[in-house]
Each structure stands twice: as C-alpha cells, then as structure tokens.
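Subject: Structure handover

Hello,

Here is the structure you asked for. Please open it first, then read my notes below.

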Amino acid sequence: MRRSVPPWMWLLLLLGPVGAFALNAGLPPPPSDVDRRTPAATAAGFLDAAHARDAVRAPQYLDLSRLPPSTQAEEGLRLARRLVVVLDRTLWLDFARIGREPAGPGERARREVLGQVATARGPQDIILERVDAEGGPVWVFSADTVGAIDALFAEHGSPLLERLPPVFFTRPLWVLEAWQWLGLAALLAGAWVLGQLGEALALRLGARAAGLTKSGWDDELLAAGRGTMRHVLGAMIAATGARLLMLPPPAQGALDLGARSIIIVASALFLLRFFTRAARFLETRVAQSPEGTDVARVRGLRTQLSILRRVVEVAVVLVAASLLLLQFEAVRNVGVSLLASAGLAGLVIGLAAQKSISTLLAGIQLSITQPIRIGDTVIVENEWGWVEEITLTYVVVKVWDLRRLVIPITQFLEKPFQNWSKVSPDILGTAELYVDFRTDVPAVRAELKRILDEESKGLWDGKAQGLQVTDLSERTMKLRALVSASDAGKAFDLRCLVREKLVAYLQAQPHGLPLLRAEASPLSFPEQKAPGPALVPARPGNSARVEPTR
C-alpha cells in the first residue's frame, strides 16, 4: 500500500532550502545512460531499467517530488517495479505514436498521454510530463501517475511478484520475463493433463448416460468427441489460466489466438468425425431394418449420405478456415474490402467459376435424382464395371479388371449410359452355342437343367432358365441358354460355367458339334485314257462326308 506522508514532513519541506524543491532531490544524480530528453526515450528507458530492477536508473524516470527526499530512493524503486507490472499487464506501449521530440505543439508541449488503464473507478491516464531539472527540462512520469501506482497495482498486480528474486524478472526471450515463461510452461502442462482427465471424465459420464437409452446416436456422439474434447478443454484452461500470469498484451493475444485456433480446429474435426460416423450408423440401421432387403433403397440412401457428407465436409472446412483467417487483422481488412465490392467480385467469381459451380450443382442433382448409386453395375465409355465412389465432381467406376475409370459427374446427366442395377441387381445372362442340325436339343435342355441344379455353385438364383434355338445358318443352328443370377458378377460367372459344361456335353455326343459336309458330283472322261488302272465312275447319289478335326 502507499505510504502516507506525515504533516510535519510537509512543513519541513516548506521551510527547507530551495534545493529541496528540485526534481527528485532525494535521488543521486542520474547516470549518463539515463535519457529523458523525449517522451519516447523516457518510456523506453523506464521499461528497460524497471525490467532489470535497476535501483539507480528506474526511479529517475518518475516524478517523486511529492515524496520526502529521504524515502525517494526506496519508494522510487518499489513504485517503478509496480508500475512496470501494471504497464506489462494492461497497456502495451506503441512507440510509433509516442513523441520523439523534446517538445510538441500545444498541449503536447508539456504532457504526453501514453494510454489509459481500466480501473473500478474509471480509466486512469498514464502521463509523461515535461518538468524542469538540473541541466534542462526532462520527461518523467507525472506526479499524478506516480500517485496512482499503488491503486493500479492493487487491481492489476500481485504482492507475490514483489517477493520473487530479481532473476525471475529478466527477459530471456521475447516480451516475457523468466517467471512468466516458467508459469506458462507449467500452465500448458497442467492444461494438457487437465484436458486428458476432463475428457476421460466426460466420456465416462456420457457412456453411463448413453447406457440408459436405446438410441445409438449418443454413442456416435461420444465416439466422435473422443480425442477432440481434450484439445478444447485444454485450450480453454490455458486461455483462462494465462490471466493469472499477467502476460503482456502481445503475449496474451498470441496465447488467446492459439487457444481459439485449437478450439476451431478441434470443433471442425469433431463435426467431420460425427457426420462420418452418423452416415455409417444410419446406413447400418437401414440395412438391418426390414427395409434393408430393398437393395435399391439401400444403395440410394448410401449415395445420398455420401454426397451429403461431402457437402457438409466442404462447408465445415470453409467455415473453419474462414474463422481461422478472420482472427488476423490483415485478413479481416481484406474481407471488409471484398464485401464493399461484393457485386463486382461476385460477378467475376461467378463467371470464372461457372464450370465448377455447374459441376457442384450436378453432383447435388445426381444425389437427388440418383440415375446411378454406389454399387450399381454400369456400362459407360464401353467399359463394364461397378460404381465405387461418387463425389461432388466425379464418379469412380471400378472396371472388371480392377482398373478405375474416373468420369466427370456431368457426363452421367448429359450422355446416355447403361445401368444394369437401376431397379434391381437381378439380371439375365445368355450363353450361345453353335451345334449340328442333328443335335438332340431336348437332351441339351435337360443337361442345362442338371448343370444349374447340381453344378452352379450358388450362382443361379433359381428364377429363370431355358434353352432355345434362336438362329439357323446353312451349316449350323444356334442355341441360346438363358439363365438368371442375383447380380451381374454372378451372372458372368454363371454364363462361363454353363458355356463350359455344355461344350463338354456336346463333345461327348455323336452329333453334338457341327460337321462340315461335302457332296461329289459325276465327272466326264475323255475316250482315250492314259495307261494305268481303270477309274470307276461315280454313281449318282454317292456322297463323301468329311468330318472336321475336333
């Protein structure tokens, strides 16, 4: 607390010699490195001396004329220590705005207001005043400011700081003193530990509460919060506890900026994880419900959730990035300037991003109309495959040979393509064979039935099967075996199996595979024949049969 001056001391001052009224008469002459010629020099010199706890230089920057000369040395160092704590805690001096001339125009010729410190009674001005001293006028902290130091320290300081050794008040790095660096390290470690414990406690209580309900949404919410909640709690604890360290405004601002950034990033990660898990949970619930037997409905829902999740992810990332950037003054000023010219900027961006916007809208339209869904079997660009992934801009088709075909999403809205599983994945397949005219078709039909019943290995779904003569040529007839399967993949394997088994069956038949037939016609011979064996003329109706090598 501020020490009161006895009335008799003021009487001695009034009756004392004229030299007693000199500036800080109780202090020794100022050292040569004490520069008080300008307000900027006084402010910088005081901060340097006060942070160094220099008992000789620090009091020289204060107007101690209201104190008895016998106590000015001791009280001056104490008040200087308190004032520097208040300035570091509440007022960060901008030296670009502090005068650098011995005297300024008008009121500034004798007074320089460095700033204001908030108090319970209202703002308190921190003033530098130009006073007369030996050797000429100098700038010092005014007597009114010195008189308010104890009251300011009572609100913004701590008596503990006056008990620490001077070594703790050095500035080893940046604007923080040694004790503040130690306190900040302890605070960050404690915030990390408390964040871990807080998350574990919250998850345990949440798990008990979730066990009382049958809904699975609370479980997904807790699972999404695992790993992100600790960062939010730790950042809040660090930002709150930093107030006890009385950090300078730049350090406190940097810590608050880091804490807000961590909270924004952690919240964005939580939302992304929650929407991902929610989409999977909803898809699983639908698949396990009675409606899950409707494959088309399940695929449609899966496609809608996939595209909706991507839209939400893009929105969350954009909002989080905007909030992070808006914390910086330069980016905020740019944003205000852009808003001022929003009409022109919107027109330019709209023209430049016309293709991108149309692609984005096409992706949203595809999720609503659903001409294709994830898992559908399609033929596009003369390639047969399955729809593996649908994004807002492109579709990935997994080709049968494991290649990936990446197609712009607009192509599925502008060009025709085949979707084999639009309504249902059930599909019909055919196997065509060329056989001889004397082939026993009913026997082949019976063999097809046997193959499907006994050797299809679960590929045939039992819904459709048949064998028909579909075409004739001058030498062969064409048989078409019709089979059904639950999806295109099984249909392909089933067609190959039927083709293989029927060919093996026809090979074992006497008139199964096609035969090449030739007919010989009579020939006329000349009257005189060359010496040699006699030729037997061909009889009408004789024919030669040539059987091709099988």
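Start with N24, which is buried at a relative accessible area of 5%. Buried means under 20% relative accessible area, exposed means over 50%, and partly exposed is in between (1.4 Å probe, protein chains only). N24 sits in the loop between α1 (7-15) and α2 (39-51). Its phi is near 50°, a positive value in a residue other than glycine.

Two notes on the source. This is a predicted model, where local features need pLDDT of at least 70, side-chain atom pairs count only at pLDDT 80 or more, and totals for chains, interfaces and linings use all residues. Residues are numbered from 1 along each chain as its sequence is written, and side-chain values use heavy atoms, leaving out hydrogens and water.

Now N382. Its phi is near 60°, again positive in a residue other than glycine. N382 lies in the loop between β4 (377-380) and β5 (383-390). Is N382 buried or exposed? N382 counts as exposed because its relative accessibility is 79%.

The whole chain comes next. It has 16 helices and eleven strands. These are DSSP runs numbered from the N terminus (helices: H or I, at least four residues; strands: E, at least two). The chain has 550 residues, and 37% of them count as buried. Take the contacts (heavy atoms within 4.5 Å) between residues at least 6 apart in sequence: 66% of these join residues at least 24 apart.

Which helices cross at roughly 145°? They are α7 (residues 217-225) and α9 (residues 249-288), and their axes come within 9 Å. Axes are lines fitted to C-alpha atoms, for helices over the stretch in contact, and angles run from 0 to 180 degrees between N-to-C directions. On the α7 side, the residues that meet α9 include W217, E220 and L221. Among their partners in α9 are F270, R273 and F274.

T276 also lies in helix α9. T276 counts as buried because its relative accessibility is 17%. Beyond its neighbours within four places in sequence, T276 is in contact with R309 and E313.

Last, look at L194 in helix α6 (residues 178-211). L194 is partly exposed, since its relative accessible area is 44%.

Best wishes
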